[in-house]
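Please read it beside the structure.

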Amino acid sequence: MLALVPALALFPAARELHAQVRDTTRAAPPDTTRRAAPPDTTRRGAPPRDTTMAEAAADSLPGVLQRLGIDRLRLSSVGVAYGRVKPVRIEATEVFAVYADYGEIAPRWRVVMGAAYWRSRFEESAVQRFADSVSTVITNPGEGTTVTLGTIRSTMLALTADVRYSLLRGRRVRPYAGGGVGAYAVNVEGAPISGTFVENSLDNISAGFAVEAGMDLRFLPNVSFDMQARYDLLSGTRYGTLRVGGSYIFNARGRQ
């Protein structure tokens, strides 16, 4: 019993120390080490930061096409044509063409895509001039030596895009004038130049442009006849064409 007296005497002191610690904990200031979140500086309606220039250009493309009138293009008619072509230094020959009218991009302005094909041979005078130039560089020619080159042929395939302006918007007769650009593939062949640098230099794929004038004649609801004079100019050659053709109109009432 005497051993419990010191322990009972220390009990009130322990209770008082516990109360002081509890009060000190309650009175401690709040923890201010937590950082506040940064304010949201993103504006409403602003484009995302990862938007690229290509995406911005793609968004503006429809507006550009609309201003140019390209969004109005609709296949309006298709046709075929036949005529005569006279290239420079090449004999006149037949030309075959197909074309598609894609309608108006602006009042009186129409877009027409086409393809044309012709094949002919070089004029004898042009071939002979080349042969004469070759004979002048022959070393020690024998008596009566001549250079004969024979026939050299040229083939043309043209893909064109034209813009036509209607000078008169009549119901049956519509004269027009215009021009365009194209891609022209030329293939020259012949036994005298086969496999030589001459053939390689004459074979060519190049860009060119053309001017044209003609008249659309429409006497049937869905059929149109066309007469056209055209001149194409490209690297290495140029040629004029006279054509006549006909086309079928898909929507006769809707065509302007």
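This is a predicted model: local features need pLDDT of at least 70, side-chain atom pairs count only at pLDDT 80 or more; totals for chains, interfaces and linings use all residues.

1. Residues are numbered from 1 along each chain as its sequence is written, and side-chain values use heavy atoms, with hydrogens and water left out.

2. The chain contains four helices and eight strands (DSSP runs, H or I of at least four residues for helices and E of at least two for strands, numbered from the N terminus). Along the sequence their order is α-α-β-β-β-α-β-β-α-β-β-β. Of the contacts (heavy atoms within 4.5 Å) with a separation of 6 or more, 61% join residues 24 or more positions apart.

3. Of the 256 residues, 30% count as buried (under 20% relative accessible area, with exposed over 50% and partly exposed in between, for a 1.4 Å probe and protein chains only). The accessible surface of the chain is about 17,800 Å², and carbon and sulfur atoms hold 61% of that area (Shrake-Rupley method, 1.4 Å probe; for residues, only the protein chains shown count as cover).

4. The largest pocket has a volume of about 450 Å³. A pocket here is an open set of points on a 1 Å grid over the protein atoms alone, with protein on both sides within 12 Å along at least five of seven lines; lining residues have an atom within 4 Å of a point. The volume is the space filled by probe spheres set on the points, which are joined across faces, edges and corners. Its lining comprises 23 residues, with Arg 89, Phe 122, Val 188, Leu 202 and Gly 236 nearest the centre. Helix α3 (124–135), strands β4 (153–166) and β5 (173–189), and helix α4 each supply at least two lining residues; α3 gives the most, with four.

5. Leu 202 belongs to helix α4 (residues 197–202) and is partly exposed at 34% relative accessible area. Beyond residues up to four places away in sequence, Leu 202 touches Val 186, Val 188 and Ile 193. The C-alpha atoms of Leu 202 and Thr 237 lie 10.0 Å apart, across 35 residues of sequence.

6. Ser 247, in strand β8 (residues 237–249), is buried because its relative accessible area is 9%. Apart from neighbours within four places in sequence, its contacts are Ser 77, Val 78, Gly 79, Tyr 99, Asn 222, Val 223 and Ser 224.

Key:
On a 1 Å grid over the protein atoms alone, a cavity is a set of points where a 1.4 Å probe fits but cannot get out, and a pocket is an open set with protein on both sides within 12 Å along at least five of seven lines; lining residues have an atom within 4 Å of a point.
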